[in-house]
Amino acid sequence: VQNWKDISPRVGFAMDVFGDGRTAIKASYARYVAGQAIAFANQVNPIGALTATDTRTWTDLDRNGLPLDENGNIQFNELTNSASTPTFGKLTVPTTQYSTDLLRGWGKRGYNNEVTFAAQHQLADRISVNGGYYRRTFGNQTITDDLRYDASSYDYVCLTAPRDPDLPDGGGYQVCGIPDLKQSVFALGQPANSLIRFSKDFGGETNLYQGFDVNLESRFRNGAFLRGGIAATSRTFDQCNLLAAGADAVAAGSSEIYPDGSKGCHREYGYRPDAKFSGSYTLPWDIQLGGTYQFTRGVQTGGAGPSITASWTVTNAVALQQLGRNWQSNAASRTVQLISEGKDYGKHNLNQLDIKLAKRFTVDKVRLRVDFDLYNVFNSSWPYTVTTTYSTAATSQYLRPTNVLQNRFFKLGGHISF
């Protein structure tokens with residue numbers, strides 16, 4: 001059972017800069033440990049290595065309709081042994097184990113450090129501007145190290161990307177650093193043996209989040225308001241040190257090297273702007289007008305670092321054509337990332353405007369509100385996720401949208417109170 005000990009300080013600072021309540025600056029630092037319920041304890045529990053089930057084929061040799069004899073004893077001659085039979089009810093050696101360094105001691109639990117700076121200033125009555133910068137780093141990351149292999153277990157080859165206008169510069173460039181497990185290593189037939197350990201055992205990795213935002217908020221005496229802001233985030237991931245443990249220790253596509261010198265193990269996603277504005281105003285005849293506008297740069301495919309990618313499944317037929325041989329270790333194919341992550345966000349951006357009109361009526365003690373909502377005024381068809389599986393086949397779905405912003409529509413509604 002793990003026995004972790006941590007000290008996680010959290011401090012904050014705030015200051016009224018000029019003493020007039022119009023300008024404030026704030027800063028904070030916090031260390032947060034990774035949340036845990038029973039997941040980790042359950043994974044390291046040795047009972048997990050117990051063979052608890054054994055499913056066997058039964059043949060009713062005595063045709064009594066039961067695998068039992070007349071005395072209620074199991075007739076083992078009617079049961080065919082399965083692959084689980086030899087270890088049934090026994091503890092087996094797990095193929096994946098945890099480093100003891102992960103389980104006990106001070107500062108061994110996953111964590112992140114967060115630093116923030118923020119400022120707020122009142123420009124005029126009911127008008128203020130605020131902004132902030134946020135930085136978060138992660139520590140004590142782990143990897144699953146297949147102890148059968150290391151960096152020397154692989155040959156690293158180059159392939160030429162297909163000619164395709166959907167690829168950078170029309171394709172035809174070389175992607176190098178593609179791992180190919182050596183046949184001589186594969187032929188050793190070593191049993192599976194993996195160790196979950198700290199990535200810092202190989203020099204560590206980088207997972208950095210940075211972001212900033214700037215916002216304006218204004219409220220007017222007639223009840224109208226206008227608020228808006230711009231936010232942007234960037235991410236940096238670096239796992240290049242981990243390649244010393246072998247290509248199996250990092251995510252697929254981490255070993256590729258591209259013509260501009262960028263590497264799959266070092267991914268940088270630059271600041272991408274997101275803008276949002278909203279407002280409300282009362283028109284003549286007491287008609288309430290409100291609206292929101294939002295802008296987002298590029299696609300959202302890819303989770304923590306969304307960008308356009310191209311995962312190409314390279315079969316032995318292509319390998320034979322380009323390398324003069326099949327893939328080693330009896331592999332039928334290997335997947336190659338043709339585009340360095342974070343370089344291309346696509347040519348489609350979100351531009352969405354939504355408008356709302358509302359009118360209130362009062363008749364005696366009855367209050368009625370009629371609403372008219374118009375969504376996606378510009379009828380944007382922004383594809384926020386697309387297919388990233390690349391193929392040269394005529395049926396390829398590459399870059400085909402998988403989620404598209406809903407088309408323009410309106411809604412009529414009402415509300416009555418009495």
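Modeller: Let us begin with D101 and K108, which form a salt bridge whose closest N and O atoms are 2.6 Å apart. The term denotes a side-chain nitrogen of Lys or Arg within 4 Å of a carboxyl oxygen of Asp or Glu. This is a predicted model, in which local features need pLDDT of at least 70 and side-chain atom pairs count only at pLDDT 80 or more, while totals for chains, interfaces and linings use all residues. Residues are numbered from 1 along each chain as its sequence is written, and side-chain values use heavy atoms, with hydrogens and water left out.

Biologist: Why can such side chains pair?

Modeller: Side chains of opposite charge can pair when their charged atoms come close. The structure holds 16 salt bridges.

Biologist: Are D101 and K108 buried or partly exposed?

Modeller: Buried means under 20% relative accessible area, exposed over 50%, and partly exposed in between, using a 1.4 Å probe and protein chains only. D101 counts as partly exposed because its relative accessibility is 31%, whereas K108, at 18%, counts as buried.

Biologist: Which parts does the salt bridge of R334 and D180 tie together?

Modeller: Their side chains meet at 3.0 Å, N to O. R334 lies in strand β19 (residues 333-337) and D180 in strand β12 (residues 174-181), so the pair ties together parts 154 residues apart in sequence. Strands are DSSP runs of E with at least two residues, and helices are runs of H or I with at least four; both are numbered from the N terminus. R334 is buried at 18%, and D180 is buried at 0%.

Biologist: Which residues are linked in a network of salt bridges?

Modeller: K356, R369, D371 and D373 are linked in this way.

Biologist: Where is R56 placed?

Modeller: R56 is in the loop between α1 (39-44) and β4 (57-58). With 27% relative accessibility, R56 counts as partly exposed.

Biologist: Which residues does R56 contact, leaving aside its neighbours within four places in sequence?

Modeller: Contact means heavy atoms within 4.5 Å. By that rule, R56 is in contact with F76, L79, T80, N81 and T85. A polar contact is a pair of N or O atoms within 3.5 Å; within protein, one must be able to donate a hydrogen and the other to accept it, and residues adjacent in sequence count only if both atoms are side-chain atoms. The side chain of R56 makes one of 2.8 Å with that of D54 and one of 3.4 Å with that of N81.
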